Amino acid sequence: MQARIRLRYRKERAFRALGMVALTFAAGFLLFLLVTIVAGGWNSFRQTQVLVPVTIDATVLGVTEAQARANPEALVRANFLGVTAASAERAFGNQAAIVSEGAWLAVRKAVEDDPSLIGHSRNMWLIAASNIDQLAKGRVDIHLPEADRPVSNSEIVAWKQLQATGKLRKVVNLTFLTGADSIEPELAGIWGALKGSLLTMVVTLAISFPVGALTAIYLEEFAAKNRWTDIIEVSINNLAAVPSIIFGLLGLAVFLNTMNMPRSAPVVGGLTLALMTLPVIVIASRSAIKAVPPSIRDAALGIGASPMQVVFHHVLPLALPGILTGTILGMARALGETAPLLMIGMRAFLTSVPSGLTQPATVLPVQVFIWSDDVSRGFVEKTSGAIIVLLALLLSINGVAIYLRNRFEVRW
Amino acid sequence: MSMSFALLAIVLLAAASWWFGRQRGLAFQVATQHSLGSVHSLPGYHGVWVALVALLPALAILAVWALVKDRLIATEVLNALPAGAVGSSPDEQRAFLSEVRGLVVGDYAAAFNPHAATAARLWVQAASRLGWMFGSAALLSGAMGAVYAWSRLTPGFRARTRVEKFMLGVLAAASIVAIVTTFGIVASLLFESFRFFQLVSPIDFLTGTHWSPQSTAHAGDDASSGFGAVPLFWGTLFIGAIIAMIVAAPLGLMTAVYLTQYANPAFRKVAKPVLEVLAGVPTVVYGFFAALTVAPLVRDLGISLGIASASSESALAAGLVMGVMIIPFISSMADDALTAVPGAMRDGSLAMGATPSETIRKVMIPAALPGIVAGMLLAVSRAIGETMIVVMAAGLAANLTANPFASVTTVTAQIVALLTGDQEFDSAKTLSAFALGLVLFLVTLLLNIFALGVVKKYREAYD
């Protein structure tokens, strides 16, 4: 008997430990994921620069100082690429690939600020090429044989020399935060994708919030119990469970191929995501409206308000925190969504920041997807960096939702 | 008149109408000396009614303009050009017009067709003239509407009733969006699938075991081969319903058991947000993690186990990560189901001397089983519809294999592969994506209906 009880208690402890193990596994996985991504990505917020004596030769440039002063437009077409390449070659010989191909932009910026630089030489910090950047950040195992690593022996030699002579420095990577996509990892930025995301979200919010809230009001307060209302309810519940990629197919077939809307545009992406988010908002809004006690409706009706006045003057303001929380959570889901946007062509390679709702654009999660396809070491880092930005954005959005819920939600 | 200018003018008109209507309403109140009930509606309702009557016809005319704009201008431009400037076939005309549009917008600096520059000038003229025509028509009708509505206002005018009727119409219209969306999904999937099934027989599609649509992308080849979708269905089930559920079902259930039965409230308060974060991580992040971190680990594991064919894009890596993704889903459904079991059943079992774990296994879980099963079914439906993890980690090789270290592909991964990149919309290859989408839609729909049915049927037992 004693032995059996001991056995049963042992089983009890084992079962309990099993539950703990399951939870620890889930939490551990989350931690592992976050640590991996942060460790791989935080370096993308730093940029390696190399000190180069740049000689801005007016003959190579094709623009003299006088011309530049008279007509600043002339600098736009001037040969800064040649000037930078020549300077890099003078400084590093055949190791000119130390300097990024996009470094000339910094030289042009300097000359635009101060045209008197033309014809003179000056030491400038220029963006280093991706391989040097990765070496400087210690992201490459230099003890591997040359064939197994992405950088060559000569690059390692050059990097060690630069490091020893203090010609390398690491600064905050403004390119990453303000630029758009690029073929070169050291020049790629997320602002283009982030702005695409914001534009898309504006469209999504502008459609799904009013339509969702109004649908919820109609279903909760006005709809008669009939077959028509049942059909509406069934379709909303079904839409909530439809895989997101199906909405992408809908967007492709209806918005692009039937209505001939522009491909890759935030307005189409926003519409598609709005349809996807709609059921989430309707369901959240309905429960928020349901939570408003009937006594409030009765009191308003009792002093002569019309049903419409009851809803818009009394029920809606009280339900609004709940509706907004649901909307924000729906937006957060839409912001992280990738698959439907791939269907409508928002995976284009774009080197400029989108400027309008009908311009081609991409969004943050799709940018993550595009970069993750790239094998080069520099893009692995950028992918993780973009994920950090995406997760930070999602966390702050959810934080706002939780704050709103705690601050304004009334429990009756 | 440009569209935005016309819109702005109409909004201003509506604002003015609102103000005049409201003033009239206020005047009624003054005229009747604010005696209760002598004016039917509040002044604001008079204003809104006048504004609505101004707004609606004007917006309707603008909408018509936006719809017919391009066609109308194009006809006018083509008629104005000298005969023979553009070929008469529709294709030539379309190419010419897109060139002209490019010139007008400023996308092209110069055009190939010598008449395009003239046409572009004509286009701008026609657009401006027609724009003014429609814009002024819209404004005029709006103004007439406002004057008419304003002149009809009387103290007894039932402005509130009318405005509320309109608002009810708006509410009903909003609720129809959901139906239209459902209809749009079903119609577009059915329509495109129907076109696909004209090229490929549905039986071949549903029972064929060879999937290689890329090779039949060219017209003239035997279009019906290479569209056997069984390997995709198997891959989808293998990753989403088998591997992912082997991971997620026990972990999700045990998590819920621990949180509802053992954990104290303070611990719950910490653990729940962790699960919520797990559920809120975008799937593309899971996909990246699966492809970059989990997949190499799985491949090394496979090789160390002596499986030479272990691929870096394995079903196991995708399934494992997908399993973790749906843990919070199963856990929250099981949580609800366990909480709904009446406390008396648990107390009764504990009072009989059963240990908590015996109570959970023999009383709580059987009682909560319908809810738990429904949760699992919903989780499966979510897993098979999940896209990014399989696109990034499972690969595109359509293998019919039960080896978890081999690469398999899924319905969703193939839809993405078929529809990204260059596409001719009429090829069997792109249309097959819609057929796959239709299957996916139907299967998830059935799973959901079935799951909800299970809950509905067995739930009442303890209420």
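**Close-up views of a predicted two-chain model**

The model is predicted: local features need pLDDT of at least 70 and side-chain atom pairs count only at pLDDT 80 or more, while totals for chains, interfaces and linings use all residues. Residues are numbered from 1 along each chain as its sequence is written, and chains are lettered from A in the order in which they are written.

**View 1. Chain B against chain A.** Contact (C-beta atoms, placed from the backbone, within 7 Å) joins 62 residues of chain B to 63 residues of chain A. Helix α5 (residues 159-199) of chain B gives the most to its side, with 19 residues; helices are DSSP runs of H or I, at least four residues, and strands runs of E, at least two, numbered from the N terminus.

**View 2. Surroundings of Ile330(B).** Leaving out residues up to four places away in sequence, Ile330(B) touches Ala248(B), Ala249(B), Gly252(B), Leu253(B), Gly375(B), Met376(B) and Ala379(B).

**View 3. The sheet of chain A.** Three strands form an open sheet in the order β2-β1-β3, with antiparallel pairing; strands pair if DSSP finds at least two bridges between them. Strands β2 (121-127) and β3 (168-172) of chain A are the edges, each pairing on one side only.

**View 4. Strands β1 and β2 of chain A.** Seven bridges link β1 (residues 46-55) of chain A to β2(A) in the antiparallel sense. Opposite Leu51(A) stands Trp125(A), in β2(A).

Terms used
Contact = placed C-beta atoms within 7 Å.
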